[in-house]
Amino acid sequence: MTVIARARTLGELLDTPAYAGRKPFDGQIRLVQDEVRENLTRKLRAGENLFPGVVGYDDTVIPQLVNALLARQNFILLGLRGQAKSRILRAITGLLDDVVPVIDGVDMPDDPLNPVGSEGQHLLEVHGLELPIRWLPRAERYVEKLATPDVTVADLIGDVDPIKAARLGTSLGDTRSMHFGLLPRANRGIFAVNELADLAPKVQVALFNILQEGDVQIKGYPIRLELDVMLVFSANPEDYTARGKIVTPLKDRIGSEIRTHYPTDVKLGMDITAQESVRAEHVVVPPFISELIEEIAFQAREDGRVDKMSGVSQRLPISLLEVAAANAERRALVGDGEAVVRVSDVYAGLPAITGKMELEYEGELKGADSVAKDVIRKAAGAVYGRLLGSADTKELEKWFENGNVFRFPQSGSAGAAMKATKEVPGLTELSAELAASQSDDVRVSAAEFILEGLYGRKKLSRAEELYAAPEPETRQQRGGRWN
């Protein structure tokens, strides 16, 4: 490809091995879908990672996506927010060639051997083998548009430019007089429309016409463009009833409808969150805290007070981990010791939770903060059950039931905090069992998590950092459920 990339004219291009024997207007068109299929086939045979960074879809979305690409189909990704739809669409550019030749000096990227635009055809006829070409990298062959109700046909397809027509001496119906929109500028590449249902019906029809029939009417002038574009879409099922819908002719001609989903397993979710979150390298996030943060998203998705139609984005645990890590770093900067994330840091990240949840009526009545704190409690109980569910905490619970309370230290050294935890029978031993590290800071984090987990399982009550015996009514409700 290095030798080919030096070609600056059509004649030089035809002298290269890859284009030997080709002639202008020879009709040998390699469509974008064919290009993607060839590179996909090669990567499948070589066992390469097709979509780096896309986690949790190996057995569900990816096989369906590969089938659609092998079948040379346009497709739509349908799913709730925060399900990596845009990331998947952008990752398809990795299946394009490194560079492709296009005619230089035209607005619409066009094949130098078989141009579809009248301007490119004219230049080829005038210059012949001296036709100037440039090399288009794969990153510039992806065009993305977020659909909104105010998007017009002119934005996507283009509009008649009277000044351009006068300068070129063409009629207004000549494609050379057009000011091209996003779709023609994506020729020889991939055009992605996010939130397709938000497009006005007439814009969707124009989109369908230009792709299927190759023509569209702009201000009464019939415009013909046989574009070579791979069209991909994304949409949220909520949009079909809340804001708009996909018109039937367009929906009928979308080859595959692929459903995305949230992570089905907490461990997968943790991998995604760790991959996407940005935090200082010196901040330590113990595994049980990482699992707690991910479990919060899972619990929120199941909570009846949270709107399931809107979903709970994967951005919730990502943002929460970043804020919790920042709070731990702040605590270490103003105090001393290691920056280790604790349960109290998770509570400090409430703003990262409340902004990611759409509440039902019951949740609105209770308030976003109250719902979020309740979700944290449930998540702590669930993670504690998985990690320490069989631990014997009877002595610890009895200590609290005898009227003792414990305020977890939020300042001072980790050594002082560990000394304070010895006041609670069995807490120091349990924290040492949970913490893989011998660091006092990690063991302090483990001790606070244990108390929060017992609170989540309704074996303790909590008021800010103060832990006590469960309320009498809570004790009765608990029954044998958590034992």
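Contact here means that heavy atoms lie within 4.5 Å of each other. Keep that in mind as we walk through this predicted model.

How far can you trust it? The mean pLDDT of the protein chain is 88, and 95% of its residues reach 70 or more. Among the elements, helix α3 (residues 61-70) has the highest mean pLDDT, at 97, while helix α10 (residues 239-242) has the lowest, at 52. Where pLDDT is low, the predicted coordinates should not be read in detail.

Let's start with a pair of helices. Two packed helices are described by the angle between their axes and the distance between the axes. For helix α20 (residues 414-421) and helix α22 (residues 440-456), the angle is about 40° and the axes are 9 Å apart. Angles under 35 degrees count as roughly parallel, and 65 to 115 as roughly perpendicular, so α20 and α22 are oblique to each other. The crossing of α20 past α22 is left-handed. Which residues of α20 and α22 meet? On the α20 side you'll find A414, G415, A417, M418 and T421, and on the α22 side D440, D441, R443, V444 and A447. Sorted by class, this contact has five nonpolar, two polar and three charged residues.

Now follow α22 to a sheet. This helix lies across β12, β13 and β14, and it runs at about 50° to β14. Those three strands form an open sheet in the order β12-β14-β13, with antiparallel pairing. The edge strands, β12 (406-407) and β13 (461-463), each pair on one side only. Look at β12 next to strand β14 (residues 466-468): they're joined in the antiparallel sense over two bridges. If you want to spot a bridge yourself, find R407, whose partner in β14 is L466.

There is another open sheet to explore, with five strands in the order β4-β7-β10-β1-β11 and parallel pairing. Strands β4 (142-146) and β11 (256-259) stand at its edges with a single partner strand each, so one side of each has no neighbour in the sheet. Ignoring direction, neighbouring strands of this sheet are turned by 20° against each other on average. Inside this order, strand β7 (residues 189-194) and strand β10 (residues 229-235) pair in the parallel sense over five bridges. Here G189 stands opposite V229 in β10.

Key. Residues are numbered from 1 along each chain as its sequence is written. This is a predicted model: local features need pLDDT of at least 70, side-chain atom pairs count only at pLDDT 80 or more; totals for chains, interfaces and linings use all residues. Side-chain values use heavy atoms; hydrogens and water are left out. pLDDT is the predictor's confidence in each residue, from 0 to 100. Helices (H or I, at least four residues) and strands (E, at least two) are DSSP runs, numbered from the N terminus. Axes are lines fitted to C-alpha atoms, for helices over the stretch in contact, and angles run from 0 to 180 degrees between N-to-C directions. Angles under 35 degrees count as roughly parallel, over 145 as roughly antiparallel, 65 to 115 as roughly perpendicular and the rest as oblique. A crossing is left-handed if the near helix is turned anticlockwise from the far one by less than a right angle, and right-handed if clockwise. Ala, Val, Leu, Ile, Met, Phe, Trp, Tyr, Cys and Pro count as nonpolar, Asp, Glu, Lys and Arg as charged, and the others, Gly among them, as polar. Two strands pair if DSSP finds at least two bridges between them.
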